[in-house]
Amino acid sequence: MGRYIVKRLLQTIPLMLVISIFVFMFIHLLPGDPARTLAGVEATPEEVEAIREEFGLNDPLIVQYIDYMKDLFRGDMGRSLKSNIPVTELILSRFKFTIQLVFAGLIWAPVVGIFIGVICAIKRGTWIDLGGMLFAITGLSAPGFWLGLMGIQIFSVNLGWLPSGGLDSWKSLILPSIVMGTGIMATLARYSRSSMLETLREDYVRTARAKGQKESIVMFRHAFKNSLIQVVTILGLQIGGLLSGSVITETIFSIPGMGRLLVDSIAYRDYPTIQGLLMIFALQYVLINLIVDVLYGVINPKIRYD
Amino acid sequence: MKKLVSLLLAGAMMLSFAACSSNKQSEGSQESANTPSTSTENKTENKTENKTETSTAKSADNDLVVALQADATHLDPHRSSNGISNQITNEMYETLLTFDENTNVVPLLAKEWSVSEDGLSYTFILNEGIKFHDGEDFNAASVRAVYERGLADDSLTLKRTISAWEDVIVESDYVVTIKLKEPNNTFINKITQFRIVSPKAMAMEDASDYLAKHSAGTGPFILSERVDGGYTKMVRNENYWQEGPSVDSLTFQVVPEDAARLAMLQTGEADVITPVPVTDVSLIENDPSIVIDVAPATTYRYVTLNTQWALPDGRKPFSDVRVRQACNYAFDSEAYAKVVFNGYAKAPTSIFSDSILYYSEQTPYTKDLDKAKELMKEAGYEDGFTVEIIVDNTTIEQKGATFVQQQLADINIDVVLLPNESTANAEKTSAPLEDTTVQMWYVNWSSGSYEADGSMRNILHGDKFPPNGYNTAFWNNEEFNQLLDDALKMVDSKEIAEAYAKAQAIAWEECPWIFLGNDNTINAYKSYVTGLQYKPGGVMVFRTVGLEH
């Protein structure tokens, strides 16, 4: 297993290199000039030129890329064109907020989602199943911005219980947590139900029942644990999505997270920041996939790593 | 291979657009929920909306929170270039002179000033006993130090303020003279952008880095902490040299979502919000604890008509002044103010806002379809033509361009909207004449120093075809150019006023644009906020702000 992890980690290096080239090309192909945007509309062509020169934007693209990669290997992601803050510092300060949001969403959503899914599967066809799935579909269909704005209107403006934004106290995490978690909860409820139903049809479940085992053991030791494989895959993807920041939640609740940083940086064509963020997002996905693969083995030791 | 790459990129772009569009949707749904009110008059006067009942609410603390739509780009006042950056840094850094809300230039760090007869030397007598936040003394040498910083670094926006200066001479400790290369009537207005920073801070090797985290001005507030994209908090300057604020701290918080900004004001989490979207005013209008201030903005909205653009058959419709005038006669600017800005806008009466110095009133083009059709017929375009309009892809900009589209349909001009991100549009619109794809551009302009030259030169002067400026009408009128160039060097304000009045009359008659109007700036604050001051265009100044608590 240790060797497997090391091997996987080594594989990420060429992968990240390829990603870095794609990302670099992609953001430099976007129409728009950061120097012009930064200088403002009243700037003369000479000022724009001076800024271009300062940021090395006049060099050939390949030179810019090589310079960027050289710095990157030294751990330097460059400086934001917009704010002049080192990109590493900028991303770290934003990561702090995003990670809080992710935890706020994850603290309840998977547990509730899987619970609903499993109960619905066990009680398949009853009103409990119907109610549970109705709840899940509602959660899936409710747009995040709508949930957020309704939450602010009801709990902040009308009732005055919760702050409408910012991240000053644990209270201010409650509304964002609901917005972040609802989608995950609903998705997991649907997946864990279908996964559980599939597992319940397996031969080994029938065998377990035939052996005369208690229904609760059949359900949880045999069926539930095996149904988790699919659920973990989905959960991994969802967390990856959350870690790249949720622009909507961050915008509605005025939280300076990574999603908003990305959108703002794109608006300014802040190349180093966009590049840094996209590389980090890619790395996050790679690592989460690795964790998910390792978890497969924990859930089902028959899955082998070679 | 190339195809594969572009396919991949297109896929990635679709994904990113999907992410963006769900964000935009929230604005859209806001819009439709608040259909334009049925107000019959335009709310253009500079006024505070009256409340029938007054609130006795008190603030819970002595910390003022202002919710803004976006964040400053940089806190180095010589580096930042946009309005929001200036709004924030202006609380920490001061200038020799400043504006009052009626666009008069008034003393600040300089207590008086005089100009030589040839208009080349301006002498300032400075206030004494003022200290920078870092303890350094403010004097004539510190004024020169700022000039020197501008000379040394081309990438600073400070550069454009001093580009017309010949020298800065320290006459004595508190007397400084600025010499110009040639007379320039905009000098006094532009000096209000010349922010004085402590020489000690500017002398540091990484001055910009230092200034991003510390303030080194003479202003009423001192920077205490900042989270980029989050908030900028300042505390009261206890050693401020004149009557200052009574609040303990001032925090500018970034709240991009319109509805959230409104909610924060309602809950009292924010004491002041700016701007209030025109569509949301009705939601807080009846709240007795909230005061709404409506001020005419200096932002002027227009559509450029590319006079050089040719139809596929080679004809150039906008090169004919009759077609350009017809567009203006077909356009109902009163209705535009009501439909697009809920009445919080004003029909245009010249080529820039009436709060700008040397504004001269023109006869409005009131909607007259018969006349418009007549002009189109005379020009040989009775059957109209198809034309593309570039517009930013925000809700309100697209709404405005759609309105233009509907109005021009009346004279058979078929307008096709090309909405795009503003950064992408900036690239398109700065292409030179031989490469330009601009046919029409829905855009707005405001002069940061509230002067006539700044309101016209960059967008109408014949020397300012892109990329030198944003004259995307590619309109080149010798007489107009000459008037602007002459006026710039004049000293006598009566002569200046005459020259600018003539220039405005020419552009108004020649119609290089469709004149749309001026929108208002709407600010709202809790009734317990005291001592708010304004600059022109509804820009708030917090120098003497307080909270009843």
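How many bridges join strand β16 (residues 345-346) of chain B to β20(B), and do the two run parallel or antiparallel? Two bridges join them, and the strands run antiparallel. The model discussed here is predicted.

## Strand β20 of chain B and its partners

β20 of chain B spans residues 513-526. The strand is mostly covered, with 14 of its 14 residues buried.

β15(B), residues 290-305, is joined to β20(B) by twelve bridges in an antiparallel arrangement. Within β20(B), B:Ile514 is the bridge partner of B:Val303. Strand β14 (residues 272-274) of chain B is likewise antiparallel to β20(B), with two bridges between them. Here B:Val272 is placed opposite B:Tyr525 of β20(B).

## Helix α10 of chain B

Helix α10 of chain B covers residues 321-330, and seven of its ten residues are buried, so the helix is largely enclosed by the rest of the structure. The buried residues are B:Val323, B:Arg324, B:Ala326, B:Cys327, B:Asn328, B:Tyr329 and B:Ala330.

What do the buried residues of α10(B) pack against? Their neighbours are the strands β15 and β20 together with α12 (369-378) and α13, again of chain B. β20(B), described above as mostly covered, is thus one of the elements that α10(B) packs against.

## Helices α11 and α13 of chain B

α13(B), residues 395-409, also packs with helix α11 (residues 333-341) of chain B: the two axes come within 10 Å and cross at roughly 145°. The crossing is right-handed. On the α11(B) side the contact is made by B:Tyr336, B:Val339 and B:Val340, and on the α13(B) side by B:Ile396, B:Lys399, B:Gly400 and B:Phe403. By class, five of these contact residues are nonpolar, one is polar and one is charged.

## Chain B as a whole

Chain B has 549 residues, of which 48% count as buried. Its secondary structure consists of 17 helices and 24 strands. For contacts in chain B between residues at least 6 apart in sequence, 70% join residues at least 24 apart.

## Helix α5 of chain A and two packed helices

Helix α5 of chain A (residues 87-106) packs with helix α9 (residues 174-200) of chain A, the axes coming within 7 Å and crossing at roughly 60°. The two helices are therefore oblique to each other. α5(A) passes α9(A) in a right-handed crossing. The contact involves A:Leu101, A:Ala104 and A:Gly105 of α5(A), with A:Pro176, A:Ser177, A:Met180, A:Gly181 and A:Ile184 on α9(A). Five of the residues in this contact are nonpolar and three are polar, with no charged residues.

α5(A) also packs with helix α14 (residues 271-299) of chain A, at an angle of about 55° and with the axes 10 Å apart. That angle makes α5(A) oblique to α14(A). This crossing is right-handed. The residues of α5(A) that take part are A:Val87, A:Leu90 and A:Ile91, which meet A:Pro272, A:Thr273, A:Gly276, A:Leu277 and A:Ile280 in α14(A). The contact has six nonpolar residues, two polar residues and no charged residues.

## The contact between chains A and B

Between the two chains, 46 residues of chain A are in contact with 45 residues of chain B. On the chain A side, the elements giving two or more residues are α1 (2-29), α2 (34-39), α3 (45-54), α5, α8 (144-158), α12 (247-252) and α13 (258-268). α8(A) gives the most to this side, with six residues. By class, the side of chain A that touches chain B has 23 nonpolar, 14 polar and nine charged residues.

## B:Met264

Is B:Met264 buried or exposed? With 26 C-beta neighbours inside 10 Å, B:Met264 counts as buried. The residue lies in helix α8 (residues 258-267) of chain B.

Leaving out residues up to four places away in sequence, B:Met264 touches A:Ser164 and A:Gly165 in chain A, and B:Ala67, B:Val255, B:Glu269, B:Ala270 and B:Ile273 in chain B. B:Ala67 is 197 residues from B:Met264 in sequence, with a C-alpha to C-alpha distance of 8.0 Å.

Technical notes
Residues numbered from 1 in each chain as written. Chains lettered and ligands numbered in written order. Predicted model: local features only at pLDDT ≥ 70, side-chain atom pairs only at ≥ 80, totals over all residues. Axes fitted to C-alpha atoms, helices over the stretch in contact; angles between N-to-C directions. Helix = DSSP H or I, 4+ residues; strand = E, 2+ residues; numbered from the N terminus. Left-handed = near helix turned anticlockwise from the far one by under 90°. Contact = placed C-beta atoms within 7 Å. Nonpolar A, V, L, I, M, F, W, Y, C, P; charged D, E, K, R; others polar. Buried ≥ 20, exposed ≤ 12 C-beta atoms within 10 Å, placed from the backbone. Parallel < 35°, antiparallel > 145°, perpendicular 65-115°, else oblique. Pairing = 2+ DSSP bridges.
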